[in-house]
Amino acid sequence: QAVEEALTSQDWEVKTIILTGEEVVPDERSIMQILVQTDTKDRTYLAVGSGVITDITRFASHRTKASFISVPTAPMPTTGLSFQVAGHQPDQTFAV
């Protein structure tokens, strides 16, 4: 909320998407939560949160050909994208 308030106070148009569920995991359900709420405006995706949030947002921005910015909230190194498809880990990990 602090980031959203800071951006809107500077007259930036902000569309907030909050992922729901018992546990947010980097899978197709989380990606779809973002993609179905995405409009056609040229936007920059801003991930505020853990590596999981960053991975999900990075992937969604890539799929929509949008810019991406990360604001990590946990002091963890990111070595690649950790993602699950249909409950399975792909053979490769990558960073965009």
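## Contacts and burial

Two residues are in contact when they have heavy atoms within 4.5 Å. By that rule, 45% of the contacts in the protein between residues at least 6 apart in sequence join residues at least 24 apart. The structure is a predicted model, in which local features need pLDDT of at least 70 and side-chain atom pairs count only at pLDDT 80 or more, while totals for chains, interfaces and linings use all residues. Residues are numbered from 1 along each chain as its sequence is written, and side-chain values use heavy atoms, with hydrogens and water left out.

Of the 96 residues in the protein, 21% are buried (under 20% relative accessible area, 1.4 Å probe, protein chains only). The protein exposes about 7000 Å² (Shrake-Rupley method, 1.4 Å probe), and carbon and sulfur atoms supply 53% of that area.

## Order of elements

## The largest pocket

A pocket here is an open set of points on a 1 Å grid where a 1.4 Å probe fits, with protein on both sides within 12 Å along at least five of seven lines; lining residues have an atom within 4 Å of a point. The largest pocket has a volume of about 890 Å³ (the space filled by probe spheres set on the points). It is lined by 26 residues, of which Val14, Lys15, Thr16, Ile17 and Leu46 are the closest to its centre.

Elements giving two or more residues to this lining are α1 (2–9), β1 (44–49) and α3 (51–63), and β1 gives the most, with 5 residues.

Key
Buried means under 20% relative accessible area, exposed over 50%, partly exposed in between (1.4 Å probe, protein chains only). Helices (H or I, at least four residues) and strands (E, at least two) are DSSP runs, numbered from the N terminus.
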